[in-house]
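Me: I am new to this structure. Please show me how to read a few of its features.

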Amino acid sequence: MAQNQPVERFEVSLNTPAGQCTSPLNVPTGLVPVTALVPSLRRLGEQAQALEERRTVDAGAAISCRKGCAACCRMLVPISAPEAFALRDSIQALPESRRATILQRVTEARTRLEQAGLLARLIDLAETERQLLDDEFEATNRDYYALRLPCPFLENEACSIYEDRPAACRELLVTTPAELCQDLARNPVRPLPVAVRMSTALALWWSELVGGPARLIPLPLALEWADRHAAEGNRTWPGPQLLDKALDKVWRLLSEAFAHQPGTPTGKLPQGPT
Ligand code: SF4
């Protein structure tokens, strides 16, 4: 739908604690669903994160994350509703045999979560109409990580949806030795600060568009959540209006990032894999 529409080009500037970046964004001028803007907004988050990477390297630290290391792909990845719809679209666009393989792994992950007694808690997180606090995710995060359940999109220790992976998966980089990531709960892993958690920005954006809490959906349940809420995912808005509302959330998070200057490990599990 969005591909055939006229687009308007915007220059978007982000002022982050690690510097400033400016990116051109092409936005459809007509009515589009939120998924039309998800790739551009995730790229914007990556550009902000690249500034953090450069600042870290300039300060003499090395980033340990490498292709083939997927230790963090056993964590609970929270994704926003717009990303859940985008993920469903990208899985639906796969050739039948690839799609079947991935859906099989999603089903197996669901079964394992059910056997471990975690499924109902994760469904509650995905469906609640109440705004949850970070601390309310904490116990579920830890129980989930204790399972060491590989992400259903992980294949031979590499992300099989790399171009479409969630924003949270793009934000976790560490400067501590990679071996420490084998036990993220016990080891003193040092993540890079994240100026804009794009999954949070997208969750706030969706909340403003449709009402309800700034919802974060556990990744293994994202496809079924998107199916259950397909009617909401089909809603459309003028593209520039969507961009305005999304940037408002991004800038709000950036102003909070300036208020809480980065660099202090929290002792909490980091929020998502690279
Ligand atoms: S989506 Fe990809 S990067 Fe993210 S946890 Fe799954 S396998 Fe890892």
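Predicted model: local features only at pLDDT ≥ 70, side-chain atom pairs only at ≥ 80, totals over all residues.

Me: How are two packed helices described?

Reply: Two packed helices are described by the angle between their axes and the distance between those axes. Here, take helix 2 (residues 81-92) and helix 7 (residues 198-210): they pack at about 100°, and their axes are 7 Å apart. Helix 2 is therefore roughly perpendicular to helix 7, because angles of 65 to 115 degrees count as such.

Me: Which residues of helix 2 and helix 7 meet?

Reply: Helix 2 brings Ala81, Pro82 and Glu83. Helix 7 brings Ser199, Leu202, Ala203, Trp205 and Trp206. By class, the residues of this contact are six nonpolar, one polar and one charged.

Me: Now the loop residue. Is isoleucine 63 buried, exposed or partly exposed?

Reply: Count the C-beta atoms around it. A residue with 20 or more others within 10 Å is buried, and one with 12 or fewer is exposed. Isoleucine 63 has 14, so it is partly exposed.

Me: Where is isoleucine 63 found, and what is it in contact with?

Reply: Isoleucine 63 sits in the loop between helix 1 (38-58) and strand 4 (78-80). Leaving aside neighbours within four places in sequence, its contacts are Glu53, Thr56, Val57, Leu173 and Thr175. Leucine 192 is 129 residues apart from isoleucine 63 along the chain, yet their C-alpha atoms are separated by 8.7 Å.

Me: Last, the ligand. Which residues come nearest?

Reply: There are 12 residues around the ligand, and Cys73, Cys151, Leu154, Cys159 and Cys169 come nearest. The shell has 11 nonpolar residues, one charged and no polar.

Note on methods. Residues numbered from 1 in each chain as written. Near = placed C-beta within 6 Å. Nonpolar A, V, L, I, M, F, W, Y, C, P; charged D, E, K, R; others polar. Helix = DSSP H or I, 4+ residues; strand = E, 2+ residues; numbered from the N terminus. Contact = placed C-beta atoms within 7 Å. Axes fitted to C-alpha atoms, helices over the stretch in contact; angles between N-to-C directions. Parallel < 35°, antiparallel > 145°, perpendicular 65-115°, else oblique.
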